[in-house]
Structure formats: C-alpha cells, structure tokens
Amino acid sequence: MSLNYFLSCTECKREFNPRPIYNCLSCNGILEVQYKNLTKSIAGMKQEYIFHDEKIESLLGEGNTPLLELSKTSNRLRENKIFGKCEFMNPTGSFKDRPVAAGIQKALDFGYKKVIVASSGNGAASVAAYSAKFGLSSTILVPEGTPDEKVKQSQFYGANIIKVKGPYSNSFELALKYSEEEKVYNLTTTFINPYTWEGDKGVAYEINQQSDNWPDYVIVPIGAGPLLVGIYKGFKELKEIYGKNDPIPKMVGIQAEGCSPISRAFENNEVYVISEPDPKTIAGGIGDGLRGYAKDGTYTLNTIRKSNGACLSITDEEIIRAQENLAKDEGIFVEPSGAAALAGFEKFSKLENIKNASVTLLLTGNGLKDMNTINESYTIPIIEPVMEELNRLI
Ligand SMILES: Cc1ncc(COP(=O)(O)O)c(C=O)c1O
Ligand SMILES: [Zn+2]
C-alpha cells in the first residue's frame, strides 16, 4: 500500500507532486513529505515502505532496533530513567539505514540506475549496501579523514568510493553539483532529499510502540540534524493520529565543541545558524560545518525550540569518556558520534538539574566503524601457551 502523499515546502508552504527535487522550486526552502490522510494504519507500518509505489517485501532488515534500559547509567546520573535506542544494530551498523532504505526506494520508483551520496561514512555504507541489493550503481564521496573501517566497508559492497579533500561540506557541494548535472539521484542524508529524512521518523514510531509513555527528553547527536527533525515529525504525526495528551518529547541536540554551529546559535539566542568553516572533532558523524547550507541548521534549531528542547556541545574528551562508560557499564560499543548523546545528557542534566526524568539516548553508530580513538589506548600482552605465564597475568 502506498499512501497519498505530496511534498511541501517548510518555508513558503508551496506543494509539489512527488518527484525527484532537492529544494522548493519557488524559494529554495527545505522540502518535507506530507500525507493527505494521516490515519492509524500508518502508525503500525514500517516507515520505509510507506511511500513506495510497489510493495517491496523486505530490504535489509533495518529498523525495529531495541530500546534498552541503561540501568547503571540511570543510577549514576541523578536517578533519571535512561534508555538507549540501539540504532547501531541496523544492518550496516548505523541509523543511516533508515533514511537510505527510504531514499533507495524512491530512486527505484523514479527510474534511476545510478545514485550518489556525500557522507561522513555511515550514509556511505548504507547507500553502498542498499545499492548492491537493488542493482543500482553507487558513487560515494567522503571527506579524506573518514575512518578506514567505514571506507572499506562501503567499498566492499561494490561502491565507487572517492575521498574528497577538506571538510564534509566539500563532498556535499560536489555531490550536489554532480546530481544536478547528471541523471544520478542524490541520496545525501542531510535535508536535500525529502524522502531520506522521512525515513528517520521511524525511530519515533518505534519508541511509541516500545514504551508505555513517551520520554521527557530525546537526546540526539546532530550534524545537520535530519535525525532529530525526523523524530520530532514522527511524534507530531502520532499526536495527530491518536490525539495523544502526552507532550512531544523535548528534543535535545548534541554537537561537538569543535563543530557546533547549531548549539552556538541556540546558546546565543540567534535566529539563524552560521556555518563552521573548519570543523575539528574526533566524532566525524557530527562534524558537519554546514558550509553552503546553514539553513539546514536553522531548520533544526527551530525544531529544537518548538519542542522546548535544547542544544549543547561537548568536548572530544567527554565523548571518549561516555564511549568508555557505555562499554564498561552497559556492554554497548558505539563509535564516538554514537556516544555523544550520553556525553551530552551528562552535561545537560547537571546544567539543568534534571532528576527523575525519562530519557532516550540515540546510540547512532557501531564502535567497530571507527577504531581510531580506541587502538592507541590499549596494549595487549602476548604469552607462551603455558599456565605459569597466564597465572602471572590474572
Ligand atoms: C554515528 C552518527 N551519529 C549522528 C549523526 C548525525 O546525524 P544527522 O546527519 O541526522 O544530523 C551521524 C551522521 O552522519 C552519524 O554518522
Ligand atoms: Zn518554498
């Protein structure tokens, strides 16, 4: 079943029939998917399937990730009830499988044979995997500093992966130019493709099914912020469908201090986000300086404000500590960007004196995808296979 949907400009509200466009044709604003009849039937549906014209039986098993209670972390952090939405358990190891599963289906619907993506590495692996599955040829642009694990993973699925010098914004700009000139569909998972970020909202639908009450806070590591905005959109739709009394959770965006255009604007009460020309952080997934598309950041900032949420930044050291805490307290291994939500909530809960709140952290990417911050801090002993040597070490 495909629902009756259209594209709507988030700024001038002009409507468009579904087609492969990246911005509003009148005002260049961000486009979003809207439904003519938002009914209960979609709440139980897998989001990725909603706007495909012909039913595809299964993609790669994305979504339906566990919502785990983080009990030691809850006790440590001021008696808040903290859950982790385990997005790192998606098929290629990150939440990006959701937006890409949605976008790939539109590529097929629109009759494309080739796709391109600019990515910090996780969107890359997703596009490579789903392209392999559905017989599309994929070109992937990543910043030259992208972790080897993500680059090799993408290449192994058969993608044509190319490193672009400079920050992520360079890859973004080049992919957009290429997709505008060639018959290649752009699956970059910022806000340029309205179908990809529509896929992110499945997280909200699942949290709704997995918990009795909606959380007070949802904490999301953000680059441009489509994951955060998508989750907000999901809760807003659920409220419309069910007329729920629960307030929409407060959305809290987390950035790294070395790349914090949105949190800076939030803290300084600015109306517009200004891009960051020289992003510097170990958390590559959230190292998006938004050069040339700062309006994406402004859209995320406005969404955070509408939800009565907040945006703050944390240091790389705080991220590494949170990554270690998740591993050692909870048995969860995430990459630095995936640990940013915990680091962010630790800081936020102290600043705002938050107690007894229900909190969901987005754990966005698998630790195996970026071992750069891990390898140096561990030395492993090697022994002869004899008991004496083993006893000496235990
Ligand atoms: C692991 C991880 N977390 C968070 C993000 C940021 O998400 P968004 O692009 O929706 O702002 C990314 C983006 O690449 C990521 O890879
Ligand atoms: Zn418009």
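View 1. At 33% relative accessibility, Cys27 is partly exposed, a class between buried (under 20% relative accessible area) and exposed (over 50%), with a 1.4 Å probe and protein chains only. Cys9 is buried, at 1%. The protein donors of the zinc ion (ligand 2) are the SG atoms of Cys9, Cys12, Cys24 and Cys27, 2.3 to 2.4 Å from the ion. Donors are N, O and S atoms within 2.8 Å of the metal (3.2 Å for Na, K and Ca); water is not among the atoms, so sites may look incomplete. The angles subtended by the 4 donor atoms run from 100 to 118 degrees, which makes the arrangement tetrahedral. Along the chain, the donor spacing is C-x2-C-x11-C-x2-C. Cys9 sits in strand β1 (residues 5–9) and Cys27 in the loop between β2 (15–16) and β3 (31–35), so this pair ties together parts 18 residues apart in sequence. Helices (H or I, at least four residues) and strands (E, at least two) are DSSP runs, numbered from the N terminus.

This is a predicted model: local features need pLDDT of at least 70, side-chain atom pairs count only at pLDDT 80 or more, and totals for chains, interfaces and linings use all residues. Residues are numbered from 1 along each chain as its sequence is written, chains are lettered from A and ligands numbered from 1 in the order written, and side-chain values use heavy atoms, without hydrogens or water.

View 2. UniProt lists Lys96 for "modified residue: N6-(pyridoxal phosphate)lysine" (unreviewed entry). UniProt positions follow the numbering used here, feature names are shortened, and annotations may be inferred rather than shown by experiment. Lys96 lies in the loop between β5 (81–86) and α3. It counts as buried at 15% relative accessibility. Beyond its neighbours within four places in sequence, Lys96 contacts Asn122, Gly123, Ser126 and Thr189; contact means heavy atoms within 4.5 Å. Helix α3 (residues 97–109) holds Ala102, which is buried at 0%. The C-alpha atoms of Ala102 and Gly199 are 5.4 Å apart, although 97 residues separate the two along the chain.

**View 3. The nonpolar cores.** The largest core has 74 residues, of which Ile140, Tyr185, Val220, Ile231 and Phe235 touch the most other members. Helix α9 (residues 226–242) gives the most to this core, with 7 residues. A second, separate core of 32 residues includes Ala283, Phe348, Val359 and Leu361. A nonpolar core is a set of buried Ala, Val, Leu, Ile, Met, Phe, Trp, Tyr and Cys residues joined through side-chain atoms within 4.5 Å. Residues up to four places away aside, Ile231 touches Asp200, Lys201, Val203, Ala204, Val218, Val220, Met251 and Leu362.

**View 4. Ser263 in helix α10.** Helix α10 spans residues 261–267 and contains Ser263. Ser263 is buried, at 1% relative accessible area. Outside four places in sequence, its contacts are Gln255, Cys311, Leu312 and Ser313.

**View 5. Helix α13.** Residues 336–351 form this 16-residue helix, whose first and last C-alpha atoms are 22 Å apart, close to the expected 22 Å at 1.5 Å a residue. The expected span is 1.5 Å times one less than the number of residues. Of the 16 residues, 13 are buried, so α13 is mostly covered. Just after α13, Asn353 has a positive phi of about 50 degrees.

Technical notes: Tetrahedral: all angles 85-135°; square planar, octahedral: opposite > 155°, others 65-115°.
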